[in-house]
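Trainee: I'd like to go through the aromatic rings in this one. Can you show me the model?

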Amino acid sequence: MAEKSRIGVTGLAVMGANLARNIASRGVAVAVHNRTAAKTEQFMAEHGGEGDFTGTESVEDFVNALERPRRIIVMVKAGKPVDAVIEELTPLLDQGDIIIDAGNSHFPDTVRRTEECAANGIRFMGVGVSGGEEGALLGPSIMPGGDPEAYAEVEEIFTAISAKVDDTPCCVHVGPGGAGHYVKMVHNGIEYADIQLIAEAYDLLGHVAGLDAPAIGKIFEEWNTGDLESFLIEITGKVLAKTDERTGRPLVDVIVDQAEQKGTGRWTSQDALDLGVPLTGITEAVFARTLSALRDERKAASTTLAGPAPAQKADEQLVEDIRQALYASKVVAYAQGFAQMRAASIENDWDLTLGDMATIWRGGCIIRAQFLNRIRDAYAEHPDLDNLLMVPYFTEAVANAQDAWRRVVTVATEQGVAIPAFSSSLSYYDGYRRERGPANLIQGLRDYFGAHTYRRIDAEGSFHTRWAQDGSEVRTD
Ligand code: NBP
């Protein structure tokens, strides 16, 4: 009988196929399977010679091809397909076998599946994998969540296939239950904010500084040599530099301005609302995509709704101001995302080590950036940090950028350019650094119309003013 494979991959679309190839390239025997068998045949024909692959047609053959405990990576479309695969696998598996969902599943589904599988003696892991097609093949950032003992069974393979930065694998056990998929969700949310900030900088450089796409591309190329150095800034330079073969115009100028989304940004914002964490950067990025989708409405509004008279002002200072505003807003977006992970960790008893998240995002994934080294260092020094803005490096970075940031928000507002992520990040910063904000009035109003009570700055307890009666104050607790 043929030797059994150490691990199996079911779901051979782009991500599964590349992940299987990555694993096999490390000398690990991999059994592969896909619902539509023709895809397995195609995979074996194209890549079967690259490593020790066993192609299997039926789920039974797939399960039988694996050594025990069986380690099965499921890389299918998130949602119902994952449940369908688990349902098919479950009767064929033995106690202690491991199902690893490496797709972009929503973390509450992962929590549910972990419990359902446990009831059948199966160990379930929800694992975030970032890096797209190329990352999956050459080295993704991996965020494994679930039972630590199950992780120990796959740790060697996962760390081997992950990206490495300074010889450190971009893979670490994140926490139990849904923690891996949660962290991947926030990663994607931060990616939304990062991309939105880049788009706003591009819009300002075009519509306020009056530069064309190739010129803006050169600016991004330059920015990629400083504090902003990152994969997304690098590819922005490349996308802006590309000429359309059909028209000879910059390609970006012929791409429709409607952004799509698959849901992870929205989930991040929804969860922030549930947790009560202010997550303005990511949320504005999600809303900016939904506003972009209203293309027909925007077309009608563009000739109906008034804006300021255009007044372009191209100068060196503006370009540098935009760079600084981009950096400061990015710091805020990450500070918010990390604050959210901290809140979720406390809420769910996940015991997340936040510095590890920065470490494993330094390579392989879409938000990989130099900047993450600073975040890793910040948490190494202050593991229980409430907010990244309070670490001297970031406090100073934002303090140094704030004048430029305010000028950019001002000029954009004056010239009618929408910058929801830049301006909401600045408002968050200004709100966060205020010892006393205006919520005292909110409480007063709530007490007036709904007797919701308020607390006083000079006395313990809850109070209500009898607004409609004699105006006297009563203690309510
Ligand atoms: P897709 O998300 O396009 O899913 C296609 C795969 O799901 C095929 O293998 C398909 O089998 C299988 N499948 C479906 Br659809 N329904 C099924 C069912 N009921 N039972 C069994 N198999 C079923 O593939 P992908 O783009 O490779 O992404 C895989 C996962 O990785 C997703 O969760 C995705 O969000 C995540 N992810 C993707 C990227 C990326 O850059 N694409 C990056 C990071 C994470 P079939 O061939 O028989 O139809």
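Trainee: How many aromatic pairs does the count come to?

Mentor: The count comes to 15 aromatic pairs, where rings of Phe, Tyr and Trp (its six-membered ring) pair if their centres lie within 6.5 Å; planes under 30 degrees apart are stacked, over 60 edge-to-face, the rest tilted. Keep in mind that this is a predicted model: local features need pLDDT of at least 70, side-chain atom pairs count only at pLDDT 80 or more, and totals for chains, interfaces and linings use all residues. Residues are numbered from 1 along each chain as its sequence is written, and side-chain values use heavy atoms, with hydrogens and water left out.

Trainee: What makes Phe107 and Tyr182 an edge-to-face pair?

Mentor: Their centres are 4.8 Å apart and their planes 80° apart, so they pass the 6.5 Å limit and the angle is over 60.

Trainee: Why is Tyr182 called buried?

Mentor: Its relative accessible area is 1%, and buried means under 20% (exposed is over 50%, partly exposed in between; 1.4 Å probe, protein chains only). Phe107, at 12%, is buried too.

Trainee: What makes the charged end of Arg368 sit over the ring of Phe231?

Mentor: It's 4.0 Å from the ring centre; the rule wants NZ of Lys or CZ of Arg within 6 Å of the centre and within 35 degrees of the ring normal.
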